[in-house]
Structures are given as C-alpha cells and as structure tokens.
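Hi,

Here is the model I promised to pass on.

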Amino acid sequence: MLANLLPGLRDVRAPLSAGCIWLLALWLILEDRVPTPQQARGIWASLYRLGDLIGPAGVLASGAFLAYLIGAMLAVRVVTVNAKEAPKAARFWDARTTLTPRVSRLAHDDLVGFLRDHGRVPTPEPEVTESGRLERERGQRLVVNLAARDILGETRQLRTKLLIANYDLFNEYDRAVGEAEFRKNVAYSLVGLTATLSWLQSPWWAFLLIVSARLYIAGVGSERAANDVIVQAVVAGLITPLAMTGAAGVPAVPAGRSQ
C-alpha cells in the first residue's frame, strides 16, 4: 500500500537498501583510517566543518544519497531468462538443449495449452511408442521453452502494453519485480558485508551467507512470479508479443487456427 502511495518507492528501495549495506561494509574497512575531529586536517577537517554547518539531518540526508548512488551503481536488475544458457540469438546443437526461463509450472502448462490451440505444439497422439513419446516430450519442452524465452525477451515492450491493457495486473507485475530486485540486491550486498566481517573479525560471520542465500532464493521466486504475470497475460490475450505475430522473424499463427 505504501508503494502505491509513494510512486517510485519500488525503484528507490532496492538501491538505497543495498547501498546502505555496502556503505556499512566500507565504513568497517576504513574506520581506523578516519581521523577524529581533533586530529582532522585538510579535507577531513573540511568535511567535519560541513557536517557542523548542515547539522545531523543534513548529514543523514547526505549519507542516504551516497548510499543510493553506491547501490545504483552496483544494482542488479531482474533477469527474465538465463542469458548464458538461452541468449536471444543462440544456436542450439540439438533438441536436447535445455533452456531455463524462470516461470512456474502452472504458467508453463498454460503456455503449452495456448501454443497447442494456436498450432505451435502438436496434440498428443495416444498410439505412440515409449521412445516416440519421450522424443515428442523433449521436442515439446524445447518449443515451449523457446516460446517462453521469446515472450520474456520482450518484457520491456510487453510491460508497457500491460500497463495500457490492465493497470491492476501491471501493478502486480511491478510489485513482483520490485520485490525480486530488492531481495536479490540486498542478498548480494550482504555477501559483501559478510566477507568484510569475516576478514576483520571472525570466520564465524560466514554463517550470514545463509541469510543471503535465503534472500536470493526468495528473489528468484518473486522474479518467477513477475514472469508468470507476463506469460498469463499473453495466454489470456491481454497482450500480444511480436514473437506470436511473426513480426519478430517467427512464423505467425496460421490463419485457419487463429482466434
């Protein structure tokens, strides 16, 4: 609700939170090198005088702005598809190539039905051998994963179409993306803080990696939820990706089978 009342909070939350953690790690490393106000000379003395001039609120605002800059520079964006395993222009050696678009099983099954209705995936035949069935399943999985990859590869354009078609659904997508970016960026920054504490204090601090791993897994779950919204919007006919119209170099749906 707060994110709805304050537009843009979702975009600021992830870099600001991660930046604060990175700034804390940097402070722990440099603390011994920072002189006290009595010992300060040169630029350090200027910074102390500036702090006295702007007051505690100004110092806090400046620190928050610095944290945001650090977080924005190190921010990790949500990835819809594993780019290393399934780049947009990849060449596949054989039909056994595995793609990993991050969508739930439910969205995957709905996409199978959608592609089957549009003639992209053949209807299962009851009388086939076991080897033929396995080969057909591998081929179907490859086709569906390729379709999911192409759909999610157009997320930048599709999110705008979704905003126009259904604001509530777009808000659900945007919320999931915000959660994914927040959790994943905080997870990465916690890894840096954990490394700093383990180096400066004790290796026992490495147990904080459990928190980072848990946050990262939660971020991947939110990322999958965001992708599900895009896929389900395509299945429901709210938005149409170029990959399904033939405008992106993919054969269009046959006229006799289209809805």
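First, the ground rules. This is a predicted model, with local features needing pLDDT of at least 70 and side-chain atom pairs counting only at pLDDT 80 or more, while totals for chains, interfaces and linings use all residues. Residues are numbered from 1 along each chain as its sequence is written, and side-chain values use heavy atoms, leaving out hydrogens and water.

Helix α7 covers residues 167-200; helices here are DSSP runs of H or I with at least four residues, numbered from the N terminus. It has 34 residues and spans 49 Å from first C-alpha to last, close to the expected 50 Å (1.5 Å times one less than the number of residues).

Now the neighbours. Axes are lines fitted to C-alpha atoms over the stretch in contact, and angles run from 0 to 180 degrees between N-to-C directions. Under 35 degrees counts as roughly parallel, over 145 as roughly antiparallel, 65 to 115 as roughly perpendicular, and the rest as oblique.

- α8 (residues 209-235): its axis and that of α7 come within 8 Å and cross at roughly 160°, so the two are roughly antiparallel.
- α2 (residues 9-30): this one packs on α7 at about 5°, with the axes 8 Å apart, which means roughly parallel.
- α6 (residues 155-165): the angle with α7 is about 140° and the axes are 6 Å apart, so this pair is oblique. In contact (heavy atoms within 4.5 Å) are Thr155, Arg159, Leu162, Leu163 and Ala165 from α6 with Tyr167, Leu169, Phe170, Tyr173 and Asp174 from α7.

Cheers
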